[in-house]
Amino acid sequence: MSIVLDDLVKRSSPRSSQMLEHLVSEGVSHKELLQLMACLPRHEFVEPAFSHLAYSPTPLPIGRNQTISQPLTVAKMTSWLLQYARLGRVLEIGTGSGYQTCLLAHFFNKVHTIERQQSLYVQAQQRLREMQVNNVEFLHGDGHLGWPQKVQMDAIIVTAMASKVPSALTDMLKEDGILIMPIADEVPSIGCWRRVGDKWKRLESSPAQFVPLLEGKVDA
Ligand code: SAH
């Protein structure tokens, strides 16, 4: 571990220091990201009954049968964006608890996020407002349809798994834009691609399990 990261771990709260050590041992090295994850109260994003496990290397329930990914998965996806994307405008499909949204809001100028479950959408919006995160636009809707206004994105991150990328999403990505999405293949994995004209250049891939990307929205 570098001196800087060592110092970071020492200064973080006991509950997040083990999480940081794990992230660093798995190769996460972006200092500002580690610092942010050390400060962000992850226990406030999960179902209260599981808050004691919030910093453990495991996915956890966030309500409505949905889960927040384990810290390493979130850190990996965010690191890829930090490495490859222009940090202008990002679209997130699957707001869920709003934890990933918070990380995105710290690094990108503008975040657009879509959630199909109304209650999760309402909760995440309230949570981020209380944390005074104010560069995020929330939408209750089906991410398959993309963002309703035709804005072009520097990056798109999907936090639910499907067998293929919805075409409305690829249409919204700028030339050279970055797409991160879990794909249900023989070995389910998250991929990171760069759009190059009509082609996709795969930059990264890592095995992972995610909840499915579902059709339509739920009004409850
Ligand atoms: N990024 C989230 C993880 C949420 S899990 C977090 O940090 O907590 C995936 C989320 O995707 C769930 O909340 C689920 O309701 C949502 N989802 C699934 N299919 C969707 C769709 N078609 N459009 C928008 N959200 C969807």
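# Reading helix packing and burial

Modeller: Helices H3 and H5 cross in a right-handed sense; a crossing is right-handed if the near helix is turned clockwise from the far one by less than a right angle, and left-handed if the turn is anticlockwise. Helices here are DSSP runs of H or I with at least four residues, strands are runs of E with at least two, and both are numbered from the N terminus. This is a predicted model, in which local features need pLDDT of at least 70 and side-chain atom pairs count only at pLDDT 80 or more, whereas totals for chains, interfaces and linings use all residues. Residues are numbered from 1 along each chain as its sequence is written, and side-chain values use heavy atoms, with hydrogens and water left out.

Colleague: At what angle do H3 and H5 pack, and how far apart are their axes?

Modeller: Two packed helices are described by the angle between their axes and by the distance between those axes. An axis is a line fitted to C-alpha atoms, for helices over the stretch in contact, and the angle between N-to-C directions runs from 0 to 180 degrees. In this model, H3 (residues 31-39) packs on H5 at about 135 degrees, with the axes 11 Å apart. The pair is therefore oblique, since angles under 35 degrees count as roughly parallel, over 145 as roughly antiparallel, 65 to 115 as roughly perpendicular and the rest as oblique.

Colleague: Which residues make the contact between H3 and H5?

Modeller: Contact means heavy atoms within 4.5 Å. From H3 come Glu32, Leu33, Leu36 and Met37, and from H5 come Tyr99, Leu103, His106 and Phe107. By class, the contact has six nonpolar, one polar and one charged residues; Ala, Val, Leu, Ile, Met, Phe, Trp, Tyr, Cys and Pro count as nonpolar, Asp, Glu, Lys and Arg as charged, and the others, Gly among them, as polar.

Colleague: How many of the residues of H5 are buried?

Modeller: Burial is judged by relative accessible area, where under 20% is buried, over 50% is exposed and anything in between is partly exposed, for a 1.4 Å probe and protein chains only. Eight of the nine residues of H5 (residues 99-107) are buried, so this helix is largely enclosed by the rest of the structure. Among the buried residues of H5 are Tyr99, Gln100, Thr101 and Cys102.

Colleague: At roughly what angle do H2 and H4 cross?

Modeller: The axes of H2 (residues 14-25) and H4 (residues 71-84) come within 10 Å and cross at roughly 55 degrees, which means that H2 is oblique to H4. The crossing is right-handed. Met19, His22 and Leu23 of H2 meet Pro71, Leu72 and Ala75 of H4, and these residues divide into five nonpolar, one polar and no charged.

Colleague: Which residues touch the most other members of the largest nonpolar core?

Modeller: A nonpolar core is a set of buried Ala, Val, Leu, Ile, Met, Phe, Trp, Tyr and Cys residues joined through side-chain atoms within 4.5 Å. The largest one has 52 residues, of which Leu23, Leu81, Phe108 and Ile180 touch the most other members, and H4 gives the largest share, eight residues. Apart from this core lies another of 18 residues, among them Val158, Leu169, Leu179 and Val211.

Colleague: Where does Ile180 lie, and which residues does Ile180 touch?

Modeller: Ile180 lies in strand S7 and, at 0% relative accessibility, counts as buried. Not counting residues up to four places away in sequence, Ile180 touches Met77, Trp80, Leu81, Ile156, Ile157, Val158, Ile190, Gly191 and Cys192. The C-alpha atoms of Ile180 and Thr78 are separated by 9.4 Å, although the two residues are 102 residues apart along the chain. Gly177, in S7 (residues 173-183), also counts as buried, at 0% relative accessibility, and its C-alpha atom is 4.8 Å from that of Asp154, 23 residues away along the chain.

Colleague: Is Gln132 buried or exposed, and what is the phi of Gln132?

Modeller: Gln132 is exposed, with a relative accessible area of 66%, and has a positive phi of about 60 degrees although Gln132 is not a glycine. Gln132 is found in the loop between helix H6 (118-130) and strand S5 (136-140). Asp176, whose place is in S7, has a positive phi of about 75 degrees, again without being a glycine, and is partly exposed, with a relative accessible area of 35%.
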